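Thanks for taking a look at this one with me.

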Amino acid sequence: MKSLGFIGATGRLGQELAKGLIKAEGFDSFKAFVRNDSDPDKIQVLKQLGYEIVTVDFDNTESLEENFNDVKTLVSAIGGGPLWRVETSVIRAAKNAGVSLFVPSQFDVDRERFGTKDPFMKAKANVVDTAKDEGLPVLIVNPGYFSDVVFELTGDPFNGENVLVLSDNAAKISFTRRSDVGFVLAKALSDPKYSEGGTLAIQGETMTWNEAVDVLKSALPDTNFELETMTVEQGRSKVEELAEKGKQGDVWSTYKSFSLSLVVEPASGNNGADMSEDANSYGHKMETLEETLKEVYKIPEDED
């Protein structure tokens, strides 16, 4: 039997990817590896989609190796602080178990162009380096920014936060809905081109950050939110200030430094978030940014 293994499936990203990933061809089964304290409601969602639930201890490499014994491809959607530690343990177990392809939780920009100065980017780069050192083929997926959560990261208009715009607009950004990534990845896993790993570029729609803010305003005409304008120089200074606080142990400042850099870097000419040149959808209909925003920020009608 050949299984597709999925870790991080109960997280926010994992729940979205799971919808399309279950459509991948060439697998006899789909296994979601979860902790024993995972949210039962999210586990139920996975079961309804068709995943077999396997409870594992991610700190026990030997046990992981046993559970991965029939896994052909292993996909990760692990996020946050545990990413490097968990994925490093998983990589070693996967290699020993005979897994032939690992898709790490790298669903973002092209780091070779975008850079890895940020701690989050460095952690992801370290994961890939570990996999290469272990001799485990890696497929990196670059969808740019997630269109359904990007404004939540950089300034949520529904939580009283200002939405940032830059006075400069040098490079474009690809915006892709998370669920679309799952569907495209499922198709790519049947493409011989990626049997030994590589990089898969995906895009829903590509535009500058300020153009995306205009789409946000158009998609939500009845929502009032403030725009905060700054220059690239001001933005870079703020990123560095927050990063320094992060080095002193302020985790929130590290997070804010990262989210601000998502706006500042493209405005300065960094094209690492633009996937348009190499993007492939395998015929899947990708949502536009406007379609996604209207769905994500849908305001329920008042009931009488």
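This is a predicted model: local features need pLDDT of at least 70, side-chain atom pairs count only at pLDDT 80 or more; totals for chains, interfaces and linings use all residues.

**Notes for a first look**

1. Helices H1 and H8 cross in a right-handed sense. H1 covers residues 12-21 and H8 covers residues 178-188; their axes lie 7 Å apart, at an angle of about 45°. Because of that angle, H1 counts as oblique to H8.

2. On the H1 side they are Arg 12, Leu 13, Glu 16, Leu 17, Lys 19, Gly 20 and Leu 21, while H8 brings Arg 178, Ser 179, Val 181, Gly 182, Phe 183, Leu 185 and Ala 186. Sorted by class, the contact of H1 with H8 has seven nonpolar, three polar and four charged residues.

3. H9, residues 209-219, packs with H12 at an angle of about 45°, and the axes are 9 Å apart. So H9 is oblique to H12. The crossing of H9 past H12 is right-handed. From H9 the contact uses Ala 212, Val 215, Leu 216, Ser 218 and Ala 219, and from H12 it uses Leu 289, Glu 290, Leu 293 and Lys 294. The class count for H9 with H12 is six nonpolar, one polar and two charged residues.

4. Next, the charged pairs. Side chains of opposite charge can pair when their charged atoms come close. How many salt bridges does the count come to? It comes to 15. One of them brings together the side chains of Asp 108 and Lys 124, at 2.5 Å from N to O. Asp 108 sits in the loop between strand S5 (101-103) and helix H5 (111-114), whereas Lys 124 belongs to helix H6 (residues 119-134), so that this pair links distant parts of the chain, 16 residues apart. Both Asp 108 and Lys 124 are buried.

5. Asp 148 is in the loop between strand S7 (145-146) and helix H7 (150-154), and Arg 178 is in H8, 30 residues apart. Asp 148 and Arg 178 are both buried.

6. Is each partner in the salt bridge of Arg 113 with Asp 110 buried or partly exposed? The closest N and O atoms of this pair are 3.0 Å apart. Asp 110 has a relative accessible area of 19%, so it counts as buried. Arg 113 has 34%, so it counts as partly exposed.

7. Ser 253 is a residue of helix H11 (residues 251-267). Its relative accessibility is 5%, which means that Ser 253 counts as buried. Leaving aside residues up to four places away in sequence, Ser 253 touches Leu 242, Lys 245 and Gly 246.

8. Last, please look at the backbone of Tyr 282. Most residues other than glycine have a negative phi. Tyr 282, however, has a positive phi, near 55°. Tyr 282 lies in the loop between H11 and helix H12 (289-296), and its relative accessibility of 24% makes Tyr 282 partly exposed.

Notes. Residues are numbered from 1 along each chain as its sequence is written. Side-chain values use heavy atoms; hydrogens and water are left out. Axes are lines fitted to C-alpha atoms, for helices over the stretch in contact, and angles run from 0 to 180 degrees between N-to-C directions. Helices (H or I, at least four residues) and strands (E, at least two) are DSSP runs, numbered from the N terminus. Angles under 35 degrees count as roughly parallel, over 145 as roughly antiparallel, 65 to 115 as roughly perpendicular and the rest as oblique. A crossing is left-handed if the near helix is turned anticlockwise from the far one by less than a right angle, and right-handed if clockwise. Contact means heavy atoms within 4.5 Å. Ala, Val, Leu, Ile, Met, Phe, Trp, Tyr, Cys and Pro count as nonpolar, Asp, Glu, Lys and Arg as charged, and the others, Gly among them, as polar. A salt bridge is a side-chain nitrogen of Lys or Arg within 4 Å of a carboxyl oxygen of Asp or Glu. Buried means under 20% relative accessible area, exposed over 50%, partly exposed in between (1.4 Å probe, protein chains only).
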